[in-house]
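Student: I have a structure here that I would like to go through with you. May we start with how its strands are said to pair?

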Amino acid sequence: MVERGLRSQYLQALGIDEWARRVQPEVIVQPEVLVQPEVVVSDDWASLQHAVATCQKCALHSCRTQTVFGVGDRQAEWMVIGEAPGAEEDARGEPFVGAAGQLLNAMLSAIGLARESVFIANILKCRPPGNRDPSPAEIAECLPYLHQQIMQVRPRLILAFGRVAAQSLLGTDQPLGALRGSVHAAPPLNTPVVVTYHPAYLLRTPAEKRKAWEDLKFARRIHAELR
Amino acid sequence: MATAAHNLPMPRLTMRRMLERDVGDVVVSERAAYAFPWSEGIFRDCLRAGYICRVAELDHLFVGYGILSVGADEAHVLNVCVHADFRFRGLGRHLMLHLIDMARSAGARDLFLEVRPSNPIAVRLYQSLGMQQIGVRRGYYQAEHGREDAIVMRLTL
């Protein structure tokens, strides 16, 4: 029995993609009814924005400059998800600005994506003081906002940047290295997810950029197969 | 690390009868999916002809459809499609499993379909459901340049 990590490496070396089992939706077969209630889908983007801007569900609200809701195309096919705002994001109210944001833009543009053409959000909408890791409780409080965003943007593919984003989104504690190179499924719509390193990590560890490039090319290939 | 993702309800995939008012959604999906899509009129005819026309919804969002004709203990999948925004989530498999169930309960003994060889993802899905290639129809489909063959597949129900 080859150890899982080692097996992944062998498969990768052979150019074989590993596939993770998807979360299976519960399937309901409706009886033969002729008249169905109309489902009224209201545009509640604005109310979601308001709920985030005024959120006090965890202690982070007391030390934020402002919430960071997310930016980009609300009809985007790609959604980019990071960890949490840092100092600059907190000051400007926009995710992925500053050096990590510059690198993110470069990574996106390497696979033909303009920053404006994707939707960018974080797991947490408020900055944890001193850029510490978000706590499980903060993630649990904040994640429903992201799920609402996913429901409304309905991306075809999610790119999760960094361990915290990947683990929170997928509800797993597997290390990032083990999650790379496979397509996962994220609630609430079983959206396909590809994970890679956080640009802030890549700035500190430039040797890993080559792996991030592999991940981005993998994501681009999966997206192409969605057509 | 425990997160709220574990506690979220699974997405609910609902299969129901296609109604006249679904045809708009169906046609949008159809056009996005195929180079040579069926017209709106064909779908309306399918509804009128009494074919088994099913719609899949994920948490009330229209995600796909399938059309099945059944006659003389044979069922034929005429069209099965997942909206481009919802691919790669195993929904096509659920739709097919549902159509297989519908065919069975309508009394069919065999299920047939045609598929383009240029659609390997679909071919792999059908194979994984136990369907076997039983023949080829030459020049069955319209194609970018001339015609394309159809692989004919069968499942014994």
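Predicted model: local features only at pLDDT ≥ 70, side-chain atom pairs only at ≥ 80, totals over all residues.

Student: Fine. How many residues lie between β6(B) and β7(B) in their hairpin?

Tutor: Four residues separate β6(B) from β7(B) in that hairpin. In the turn, B:Gly146 has a positive phi of about 80°.

Student: And in which sense do β6(B) and β7(B) pair, and over how many bridges?

Tutor: The sense is antiparallel, and seven bridges link β6(B) to β7(B), which covers residues 147-156 of chain B. As one example, B:Val136 has B:Ile151 in β7(B) as its bridge partner.

Student: Is β6(B) buried or in the open?

Tutor: Strand β6 of chain B, residues 132-142, lies largely in the open, because the number buried among its 11 residues is zero. Being buried requires 20 or more other C-beta atoms within 10 Å of the residue's own.

Student: Changing topic: what is the order of elements in chain B?

Tutor: Starting at the N terminus, chain B reads β-α-α-β-β-β-α-β-α-β-β. The radius of gyration of chain B is 16 Å, close to the 15 Å from the globule rule for 157 residues, so chain B is as compact as a globular protein of that length.

Student: What share of chain B counts as buried?

Tutor: Of its 157 residues, 34% count as buried. The C-alpha atoms of chain B fill a box of roughly 55 × 35 × 30 Å along the principal axes.

Note on methods:
Residues numbered from 1 in each chain as written. Chains lettered and ligands numbered in written order. Buried ≥ 20, exposed ≤ 12 C-beta atoms within 10 Å, placed from the backbone. Helix = DSSP H or I, 4+ residues; strand = E, 2+ residues; numbered from the N terminus. Pairing = 2+ DSSP bridges. Rg over C-alpha atoms; globule rule 2.2 N^0.38 Å.
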